[in-house]
Amino acid sequence: MKAVKNPLIGDTLYVDTHKTGLKIVVWPQPAASSVYAVFATKYGSVYNTLPTADGGIEEVPEGIAHYLEHKLFESEGEDAFVRYAATGANANAYTSFDRTAYLFHATENVLPSLEILLDFVQDPYFTEETVQKEQGIIGQEIRMGEDQPGRRVFFNLLEAVYHNHPVRVDIAGTVDTIARITPDLLYRCYRRYYNLHNMVLVVAGNITPEEVMDTANRLLKPCDDFVPAAFAVDEPDTVRQEYVEVSMPVASPLFYLGFKGTAIQQTAATLAGSRLLLQLLAGRTSRLFNRLMDEGIINDQFEDEYFFGPGYRMWLFGGESSNPKRVKEIVCEELRRLQTEGLDPDEVEACRRSAYGRLVAGMDDPTECGELIQTNLIDGIEPLAELEALAKLTVADLQEQLREIRVDACSLSVVNPL
Amino acid sequence: MQPIPQKLNHAMSLLRLPEHHYRTDRLTGVFAVPISAKTASEYAVLAYLLTRSCAAYPTIVALNRRLNELYGATLQTSVIRVGGWQMLSFTISYLNKRYTLDGSDLTGDCTKLLMELLFHPALEEGVFPAEVFAQEQRCLLERLQGEMNNKRTYARQRCEELLCPDHPFSLNPYGTEATIQALTPASAAAARERLLSEATIHWLYQGEEDTDLLVRELTSRFATLPYRQPAGLKVDNTFALKESALTERMDLNQAKLVLGFRIAINEPNPDVDAALLMNTLWGGCVTSLLFTHVREEQSLCYYCASFYDRFQNTILVDSGVKESDAQKAKEEILRQLEAIRQGNFSDEELEAARRSLIQRYAAAGDNPDALEGYYLSQTIYDDYITPDEKRSRILAVTKEDVCRAARLTHFDSTYLLAPEQEVTEA
């Protein structure tokens, strides 16, 4: 494995592309008492098609990536959770728009747990009976999600912003769509997207690169050198709908405001820049945050996020507000003002220092470290490159990124009390 | 390694947590007072007022500019109830000097900032400025009201009220809408005086620096206050079993079933470890009896889990189900409790639960928040054991101990938050 020392934090990461095509990163932390491992594939809910035998494209049922995640824990022998129970590892998995990740956190029996992880993710086993059984469980997971106002307000925003992009569809699908999932479809999705060339393994904590590579060499199975074609969708620059609202049992309105950006391949500089920009624009020292607080139309739940993935990119603002439309007006005003007047260089330096501190503070345990690297790799960014990019950003770079936020391409989603 | 407790005076102590390898250091002040319906909101709003600004940094902007200078040091405020205590905690967390770009040590500046916030608030004529107060009062009210947005948490709170009616164990640490609306700038300022006089105070420090300076800072700040007399806690832990049941309806797609149980084991009883393991076996891990039977075998739900509150003798079991399946889920939950009482579970199931529980404690040492949380609850009895010692105690729990803990668990309340109309599946 290649050792890469980060000059800012002094830690060394070990990086390798295994002969099977799997990208592996190990972040040894000898003082830690635990290990976090995550085995992830670039396959989430937005990858909603399969090629057909005649060269065409077939759309798969919504929610199938998430369904596959649930079913992969089962095998012809023991369920992976039962196997983990013997090692004591705390195991889990999740599916998002652009990735599916299988993970564990362990203090004992780390290598046997790593073996389980590498084994079950490479060993799909789906039958009519087991696929059918999951419908009740995932059906209730979907129902639970429908009752979560924070989730509703977010997915309604995505539906309002995007015309065609599958990011507008709920990751879990619906009770109707998951009823159409079959073992054959699951196998076909698995074969296309769970190729090791399309996956990453990250292990952080009290473990050595040799231990990880030895386990990987024994467990990883050769596979064809194949990566699914880059994601492509015909998506206009405009938003589909400027305003959407629903009513639910909530105490005060929840909102999400999203500015649609042109999708780009992220780099460490665009990532660091966008996050720093959001801090300058909406952080606690910003004019925007304090204006909204002084008008009494947000509270300390107000948040921002840079949201992106294959074919989509947005700058988000959300929280609770008695007057979401007024929040939108003020956010747009502040964006225009900063785009015209420019950023204050002193404020940029102050926020840069703070952003550096918070990035490093976010590497405080093996779980955070492992997730950070996994996120970097799936996003196509060199591990930890954001730290150096943050130091190099100029005010002019930030100003250019700020101009990319199109004030006229935004949607507001609101969940009102009944 | 052992944490090092140090008594600073008759009503205040400092707990230095074991040396660590984190990238951040932190200092937390925990102020504990007996919870009461009358004062809960006063203390809650006070906690947020104190960490919003101070005389030296009188606005949100000024305070946050200072935090930016300190490499994005973060301030966290929490207001929780632990058993009969209302606990206000104030944390400042900051980069360890190994990671600051110029090698500067932030401990002194961050400690000073936290002291400034707690001891020199931005008052005008002895009270919080009206506009500042109104903003924090509104935020607190919205925080309380916002709790209903998470229906799972909301249903558990409602069941707790059913289980412990008219008792401190069912009080919300934010108080009620009425008590928040009745707050005034003067009542918040008075609460500050009372807090400094009556709270039992524990400081928790995680870092590599010598604590001598910190001790001097704390003792000198408190030396300027009048003699402190911490309020003691008298909570009636006895209970009479009842069969309470309540169904409420909302515009929902899924019913939330919560069953409330009483368990005759609470801190600092050593049987707590047996109760913790029993709870993990019943519904506290992915190989638990509830996960296996209610979710995996019967496919009734996505989650079915049990939560043991070792400070107030209660266990809640909750599940998101179709309303028509609620009775079936309830019967299965009770059947699995009975199975534990009778010892009808395998050694493998028990050992899997034990490993899961041990893993949770063992991993706490790798995360500063988790480690602080682990020790914070122990400040109540000012008696500290390490995660390693906890592990040994859990390893010593026998199957019979677990069965006995289940036999000391009694069903009491059923709460169902149900859709206004049953949702029909496709």
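Please keep in mind that the model is predicted.

I will start with chain B by itself. Its secondary structure comes to 15 helices and eleven strands. How does the radius of gyration of chain B agree with that of a compact globule? For 426 residues, a compact globule would have a radius near 22 Å, and chain B has 23 Å, which agrees. Buried residues make up 60% of the 426 residues in chain B. Then there are the contacts inside chain B. Taking those between residues at least 6 apart in sequence, 82% join residues at least 24 apart.

Now the interface. The size of an interface is often given as the accessible area lost when the parts come together. Between chain B and chain A, the buried area is about 5,400 Å². Carbon and sulfur atoms give 50% of that area. The contact takes 59 residues from chain B and 68 residues from chain A.

What about polar contacts and salt bridges? There are 31 residue pairs in polar contact between chain B and chain A, counting pairs with both residues at pLDDT 80 or more. Six salt bridges are found across the interface. One of the salt bridges joins B:Glu296 to A:Lys133, with the closest N and O atoms 3.2 Å apart.

Which elements of chain B give two or more residues to the side that touches chain A? They are helix 2 (60-69), helix 4 (130-146), helix 10 (289-297), strand 10 (314-321) and helix 12 (347-364). Helix 4 of chain B gives the largest share, seven residues. By class, this side of chain B has 24 nonpolar, 18 polar and 17 charged residues.

A:His165 lies in a loop, the one between helix 5 (149-161) and helix 6 (175-178) of chain A. Is A:His165 buried or exposed? Its relative accessibility is 0%, so A:His165 counts as buried; the cut-off for buried is under 20%. What does A:His165 touch, leaving out residues up to four places away in sequence? The list is A:Val46, A:Phe231, A:Val233, A:Glu235, A:Pro310, A:Gly311 and A:Tyr312.

That is the end of the talk.

Note on methods
Residues are numbered from 1 along each chain as its sequence is written. Chains are lettered from A and ligands numbered from 1 in the order in which they are written. This is a predicted model: local features need pLDDT of at least 70, side-chain atom pairs count only at pLDDT 80 or more; totals for chains, interfaces and linings use all residues. Side-chain values use heavy atoms; hydrogens and water are left out. Contact means heavy atoms within 4.5 Å. Buried area is the accessible area (1.4 Å probe) that two parts lose on being put together, summed over both. A salt bridge is a side-chain nitrogen of Lys or Arg within 4 Å of a carboxyl oxygen of Asp or Glu. A polar contact is a pair of N or O atoms within 3.5 Å; within protein, one must be able to donate a hydrogen and the other to accept it, and residues adjacent in sequence count only if both atoms are side-chain atoms. Helices (H or I, at least four residues) and strands (E, at least two) are DSSP runs, numbered from the N terminus. Ala, Val, Leu, Ile, Met, Phe, Trp, Tyr, Cys and Pro count as nonpolar, Asp, Glu, Lys and Arg as charged, and the others, Gly among them, as polar. The radius of gyration is taken over C-alpha atoms; the globule rule is 2.2 Å times the number of residues to the power 0.38. Buried means under 20% relative accessible area, exposed over 50%, partly exposed in between (1.4 Å probe, protein chains only).
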